[in-house]
Amino acid sequence: MNRSIENHLTTRLHALESAGLLRKLPCPAIAESHGELVQFSSNDYLGLSMEPFLQEAAAAATNRHGTGAGASRLLRGSHPPHAELEEAISVWKKTEAALVFSSGYAAAVGTISAIIGKGDVILMDKLCHASLIDGAKLSGALLRVFPHNNLERLRALLEWSEKNHPEAKILILTESVFSMDGDCPPLLEIVRLKEKYGAWLLLDEAHAVGVIGENGGGLAHKLNINGQIEIQLGTLSKALGGCGGYVCGSKPLISWLVNKARSFVYSTAPSPSSAAVSLAAIQWLFSEQARERISRLWENIHLFSSLMRFPQKSESAIIPVRANSTRLAGQWSASLEEEGLFVPAIRYPTVAKGTERLRVTISAVHTKEQIERLATGLLRLISSQPGHAC
Ligand SMILES: Cc1ncc(COP(=O)(O)O)c(C=O)c1O
């Protein structure tokens, strides 16, 4: 028997391919041609990544501080843009302090495993992002999952934790905008529950910052509860058009993470230019131009939802269109691509089997005509499947 790793992995790759689940990176020519399609797949919700003022901020920081940070933050990898960015994040998010990581994923994994461990309890929404799941598993805490946005089940789990693990610290994990469904949690009720049971809350604002709330401050900001959430986490790589992740909260939280978050301590600092880009993007969020750009984004979201005749208003820039099968999602995506529109098919294991979908993301820089073309194409595909409901 051939026991080589190549043989083992080739067999497994074949299995993925026959299930229609093999993922492949596009070759440069295809990636280039995707660039010519109208993108409904990007998380660059405000179209910032191509803004000249951010490109100039990157160039200026590179010229001044070099292309790489050169070391981890604790070992001479800290450059002025890092501290300036952390200060800007804490002002923007109205928290005492903030810490920047090389990605949102690194922020989640490092933070959760630093603040909670064996003997503690994590209660997590079923639809939380992979980074939160991985952080929870890495922490070694007892993990319990509640059905998506189900307050009754969350309350029952809090009661169970209080009764069965009276000494444990309890951490609730949820998101401001769920990345595949685009909906928001009942955050005020979750905050009330966690306060009643003495639990802590970690809120991932990855898809909410730049989109929801005044100055794009996110859902916690919109509801004016920043001070009641122990840990706010987010990414600088979506609406802010840059790269990296952050955590913000109290000063003791941030000092603890500087000491104990392994993805922070044992990783090279983000490049000074990426910190400078995020700093410029956050400063821009306070401008009149940003206010206009965010309202244009919401006009586009409402236009698409109303053309699609969705019964409910969309709560974010992520709008799923359910195909409910891997085959159909792939067919729809390919058919739209022929019309010059790029909308990715999302399949298992990213979403549950039977809930496969197209994940439409709307941007402030889409034109009305582009959104109308997408809605027309999608409605035609949906109506060609009698009895199909999204
Ligand atoms: C909800 C959520 N959290 C965290 C992340 C990770 O952020 P980053 O891409 O900066 O690693 C993502 C992005 O994919 C996300 O969708």
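Let me begin with a definition: a residue is called buried when its relative accessible area is under 20%, exposed when it is over 50%, and partly exposed in between, with a 1.4 Å probe and only the protein chains counted. The structure above is a predicted model, in which local features need pLDDT of at least 70 and side-chain atom pairs count only at pLDDT 80 or more, while totals for chains, interfaces and linings use all residues. Residues are numbered from 1 along each chain as its sequence is written, and side-chain values use heavy atoms, with hydrogens and water left out.

Helix H7 covers residues 130–139, and its buried residues are Ser 131, Leu 132, Gly 135, Ala 136 and Ser 139. Seen down the axis of H7, these buried residues fall within an arc of 135 degrees, so they line one face of the helix; the arc is that of the directions from the helix axis to the C-beta atoms. On the other side of H7, Lys 137 and Leu 138 are exposed.

Now let us turn to the aromatic rings. Rings of Phe, Tyr and Trp (for Trp, the six-membered ring) pair if their centres lie within 6.5 Å, and planes under 30 degrees apart count as stacked, over 60 as edge-to-face and the rest as tilted. By this rule there are 4 aromatic pairs. In one of them, the ring centres of Trp 92 and Tyr 246 are 6.3 Å apart and the planes stand at 65 degrees, so this pair is edge-to-face. The pair links distant parts of the chain, with Trp 92 in helix H5 (residues 80–92) and Tyr 246 in strand S8 (residues 245–249), 154 residues apart. Trp 92 counts as buried because its relative accessibility is 1%, and Tyr 246 counts as buried at 0%.

What lies over the face of Trp 92? That is Lys 93, at 5.7 Å from the ring centre, where a charge sits over a ring if NZ of Lys or CZ of Arg is within 6 Å of the ring centre and within 35 degrees of the ring normal. Lys 93 also forms a salt bridge with Glu 205, the closest N and O atoms being 3.1 Å apart; a salt bridge here is a side-chain nitrogen of Lys or Arg within 4 Å of a carboxyl oxygen of Asp or Glu. This pair again links distant parts of the chain, since Lys 93 is in the loop between H5 and strand S2 (97–101) and Glu 205 in the loop between strand S6 (200–204) and helix H10 (219–222), 112 residues apart. Lys 93 is buried, with a relative accessible area of 0%, and Glu 205 counts as buried, at 0% relative accessibility.

A search of the whole structure finds 11 salt bridges, and I will pick out two others. Arg 73 forms one with Glu 86, the closest N and O atoms being 2.8 Å apart; Arg 73 lies in helix H4 (residues 73–77) and Glu 86 in helix H5, so the pair ties together parts that are 13 residues apart in sequence. Both Arg 73 and Glu 86 are buried. Arg 357 forms another with Asp 181, at 2.9 Å between the closest N and O atoms, and here Arg 357 lies in strand S12 while Asp 181 is in the loop between strand S5 (170–175) and helix H9 (187–197), so the pair ties together parts 176 residues apart in sequence. Arg 357 is buried, with a relative accessible area of 3%, whereas Asp 181, at 26%, counts as partly exposed.

Finally, some words on the backbone. Most residues other than glycine have a negative phi, and most peptide bonds are trans. Arg 309, although not a glycine, has a positive phi of about 55 degrees, and this residue lies in the loop between helix H14 (288–307) and strand S9 (318–322). The peptide bond from Tyr 348 to Pro 349 is cis, with omega near 10 degrees, and Pro 349 is found in the loop between strand S11 (345–346) and strand S12 (357–361).

Terms used. Helices (H or I, at least four residues) and strands (E, at least two) are DSSP runs, numbered from the N terminus.
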